[in-house]
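Have the coordinates open while you read.

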Amino acid sequence: MSPPTPYDGSSRLFQIGIKPLDPAEWIDSDDSLAAQLAEKRRIFADHPAETFVAEADTGAAQAELLHLLADHLPHRFPASYARQGNAVLIHASGDRVDLDAPGPKLLTAALLVAEDLVILRKGPDGWRLAAAALAFPSSWVLAEKFGRPMHEIHAPVPGFGAGTRPALLIERMFDNMRPEMPMIRWNWSLYGDDRLYHPDVAGPDTRRFGADMASIFLRVERQTLRRLPESGDIVFTIRIHLDPLATLEARPEAGRIAAALAEQLLALDAAQLDYKGLTLERDRLVSRLERVGR
């Protein structure tokens, strides 16, 4: 399996910065595509009310995103996608996605890619979550974020509340985004299981891993932002890469990876540890990581 973060040196490991992205690299695709699409279909069927929301007037933006993906994917990944009239064939899964299928166009778009898809729209209170097809949440509930501006969505994140410098910078960055210049950032978290559908939030007093720490999974989110040229809305994509920590420990560069993760864990303050659900786990995790590569 490909490493879940950019270990090629293009980004510092486990740093949560944002930078420009080549439009050709907007969407991610690898050998987990078929499995994640199958799981996404199951989750959409089992949890329809929890995985899709949309304001009534977002239909045009949803259709714009769908057709942007339908044009982009066969061109960027010809071994994985093929255009067949007004449908897209996904070779790995055998799915044929009809672009004219009934129902919300955002749900149709979400069945083309492993990414979750969120549409952000500017309003009087700033940029808000106007629509989303979210199968793989990482400890957040879609209904609680729907329709809310970014500073409220980020309120649980330490240092990102209303009026803070990071909140103001996010608004300014969104205002200035250009369709030809997507952006990319990475986020990471640690869980005690490998569920992709993970809306539940662990409190700071909850132990996330067992006594033997045998079940630890590194969950990395590849997040992109791209402005739609016609509607002016912004598409936020989230691609989940999920690997057991033991898999990373077996890599040739395991010592470097473990040291970078330990450094980030040690740099978290009390509020950040609570937010990531690692208040009771940080010291045990660091001790384990310090043994890697010895």
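What follows is a set of questions and answers about how the terms apply to this model.

Q: How do you know which features of this model can be described?
A: The model is predicted, so local features need pLDDT of at least 70 and side-chain atom pairs count only at pLDDT 80 or more, while totals for chains, interfaces and linings use all residues. Residues are numbered from 1 along each chain as its sequence is written, and side-chain values use heavy atoms, with hydrogens and water left out.

Q: What makes up the secondary structure of the protein?
A: There are 11 helices and 10 strands. These are DSSP runs numbered from the N terminus: helices are H or I with at least four residues, strands are E with at least two.

Q: Why is Ala-214 called exposed?
A: Exposed means over 50% relative accessible area, buried under 20%, and partly exposed in between (1.4 Å probe, protein chains only). Ala-214 has 62% relative accessibility, so it counts as exposed. This residue is in the loop between strand S8 (183-191) and strand S9 (217-227). Of the 294 residues of the protein, 51% count as buried.

Q: What makes a group of residues a nonpolar core?
A: The members are buried Ala, Val, Leu, Ile, Met, Phe, Trp, Tyr and Cys residues joined through side-chain atoms within 4.5 Å. The largest such core has 58 residues, and Leu-69, Leu-112, Leu-120, Leu-129 and Phe-174 touch the most other members. Apart from it lies another core of 25 residues, including Trp-188 and Leu-278.

Q: How do you know that strands S6 and S7 pair?
A: Two strands pair if DSSP finds at least two bridges between them. S6 (residues 116-123) and S7 (residues 126-133) are joined by seven bridges and run antiparallel. For example, Val-118 has Ala-132 in S7 as its bridge partner.

Q: Why are strands S1 and S2 said to stand at the edges of the open sheet?
A: The sheet has seven strands in the order S1-S8-S9-S10-S6-S7-S2, with antiparallel pairing. S1 (18-20) and S2 (52-54) each have a single partner strand, so one side of each is left without a neighbour in the sheet.

Q: How do you know that the span of helix H3 agrees with its number of residues?
A: The expected span is 1.5 Å times one less than the number of residues. For the 18 residues of H3 that should be 26 Å, and the end C-alpha atoms are 26 Å apart, which agrees.

Q: What makes H3 (residues 59-76) a helix that packs on the sheet?
A: Contact means heavy atoms within 4.5 Å, and H3 touches S2, S6, S9 and strand S10 (234-244). Among the buried residues of H3 are Leu-66, Leu-69 and Leu-73.

Key. Axes fitted to C-alpha atoms, helices over the stretch in contact; angles between N-to-C directions.
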